[in-house]
Amino acid sequence: MSTSRGRWRALETIEYDVVVVGGGTAGSVVASRLSADPRVRVALIEGGPSDVGDQRILQLRNWINLLEGEFDYDYPIVAQPRGNSHLRHARARVLGGCSSHNTMISFMPPPEDFADWVDAGAAGWSYEEMVPLWKRLAVTIAPVAQRDRNPLAEDFVTACHSALGVPVHDDFNAAPFADGTGFFPVGYHPETGVRSSASVAYLHPHLDRPNLDILTEHWAFRLDPERGVSVSSGGQTKIIKARHEYVLCAGAIDTPRLLLLSGIGPAAELERLGIAVRHDLPGVGKNLLDHPESLILWEASRPIPPMSAMDSDAGLFVRREPGATRPDLMFHLYQIPFTFNTERLGYDVPEHGFGMTPNVPRPRSVGRLTLADADPATKPLLDFRYFTDPGGYDERTIVDGLRLAREVAATEPFASWIAREIAPGPALRTDEQLSAYGRAAHHTVYHPAGTCRMGAATDDAAVVDPLLRLRGVPNVRVADASVFPTMTSVNPMVTVLMIGERAADLISAELAGH
């Protein structure tokens, strides 16, 4: 295996059977599974450094210190007419991708989420067909360990049950996902605090495979399906070619960005930027989705005990709409004062504080990603169009969430932890006031998805077919969150891991037939 720039010249003319672009959550899975066959030569291209031995990355609880730093591509968004225009989207610049950068909250989505995918034209992606992939994941997933359970979070769970009547789950993943409260399932090793990321679980045990080259600090910026992937490393531009196929796993921002820079996307848009059109594919960059969430912030009545897996260990899912068959409102409990948006709005920053974050599990607002120009170094334009759905569903979900959070806050034993409500503050009571605050203070939980959405082979707006093949380009697949037809109700990481597993199955079957 190579992870250094020093072997570059020796690799210049080497062709691989499969080239995986993006060493993140899905890319780690694809490269690991394919290279298990010693006859298959695999290159894994990662723009960032390795995580091997780096405790800043490996220690799960350090996740928040990775945001907007050296391991973050740190994408701004365009001005939002009804949302918070100050958001920045973290995208991990390190082996393991966002699984090396996140809280490792790990849910198997509810069956209805995958039914939505099938209804959107993704045949073969039903819940029943996803369960075998879920069962074989290599990451270690279990509820937050007893040693890490903070008394604040334990009292929160008790209050949610008492105030709202929702069940307490010992393990949200023990049965098909449903509403309730409890400690989250998390991918980590409690005895060491080390995350069980995609790189830790899928790559670290196999670093000595001679048929796997992991090329870190190699940033892919253009794809020519006939000639290869152009990458930048150490001030040089090189090309890496695949004999069989390319698998794009760069994520819901950088996969469509790479395609657009390569002339694959909406023809008129590419022509305006002076990019030669290789393949007119109108859906590239469309259907940009995210989980927006707001915040109710409290000052703590006393210091919060330090035990925690990653400071967001417990949460709540509820069904608020009549007839809902799966949760449509979600909350994290942040055991730290998460104040970078409320402080900007003039609210106090408590020495000891915590909050609940009403989150929209299946948002109806849809945005798009475009390029600002043809320069690969220019960051793309991300327009999530937060809270612009015509019926106001997303906005209403946040308002309902702020009200439900106040019900939990008024219930013991959680209530005794609260000295005062800082934001939005008790003076804000009406729907209009709570909506204005909720939208101004909202943030992202860094779940962009949908920008190369999967659909039926006859769907001209789909970017990939149900076999993950790029429409009209026979030797390219996409395997990451960009293929989501609709947003999952829960944190998407497990689904992305399963997409990697499915992609590896599909490619292996084709390689076996050659």
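Colleague: What are the ground rules for the values?

Modeller: This is a predicted model, where local features need pLDDT of at least 70 and side-chain atom pairs count only at pLDDT 80 or more, while totals for chains, interfaces and linings use all residues. Residues are numbered from 1 along each chain as its sequence is written, and side-chain values use heavy atoms, with hydrogens and water left out.

Colleague: Why is aspartate 113 called buried?

Modeller: Its relative accessible area is 1%. Buried means under 20%, exposed over 50%, and partly exposed in between, with a 1.4 Å probe and protein chains only. Aspartate 113 is therefore buried.

Colleague: What makes aspartate 113 and arginine 326 a salt bridge?

Modeller: Their N to O distance is 2.6 Å. The definition asks for a side-chain nitrogen of Lys or Arg within 4 Å of a carboxyl oxygen of Asp or Glu. So the pair qualifies. The two residues are 213 apart in the chain: aspartate 113 sits in helix 4 (residues 111-119), arginine 326 in the loop between strand 18 (314-318) and strand 19 (329-334). Helices (H or I, at least four residues) and strands (E, at least two) are DSSP runs, numbered from the N terminus.

Colleague: Is arginine 326 buried or exposed?

Modeller: Buried, because its relative accessibility is 12%.

Colleague: How do you know that arginine 56 and glutamate 70 form a salt bridge?

Modeller: Their closest N and O atoms are 2.8 Å apart. That falls within the cut-off, so the pair counts. Arginine 56 lies in helix 3 (residues 55-58), and glutamate 70 in the loop between helix 3 and strand 3 (75-76), 14 residues apart.

Colleague: Why do arginine 56 and glutamate 70 get their accessibility labels?

Modeller: Arginine 56 is at 39%, so it is partly exposed. Glutamate 70 is at 53%, so it is exposed.

Colleague: How many salt bridges does the whole structure hold?

Modeller: The search finds 34. Glu15, Asp17, Lys241 and Arg243 are linked in a network of them.

Colleague: What makes a set of residues a nonpolar core?

Modeller: They must be buried Ala, Val, Leu, Ile, Met, Phe, Trp, Tyr or Cys residues, joined through side-chain atoms within 4.5 Å. The largest such core has 153 residues, and those with the most contacts inside it include Val19, Phe156 and Leu470. Helix 12 (residues 493-512) gives the largest share, 10 residues. Another core, of 5 residues, lies apart and includes Ile57 and Phe71.

Colleague: Which residues of helix 5 are buried, and what covers them?

Modeller: In helix 5 (residues 127-135), Tyr127, Met130, Val131, Leu133 and Trp134 are buried. Their cover includes helix 4 and helix 12.

Colleague: Why is valine 168 called partly exposed?

Modeller: Its relative accessible area is 41%, so it falls in the in-between class. Valine 168 lies in the loop between helix 6 (151-164) and strand 6 (180-183). Leaving out residues up to four places away in sequence, valine 168 touches Val157, His161 and Thr181. Contact means heavy atoms within 4.5 Å.
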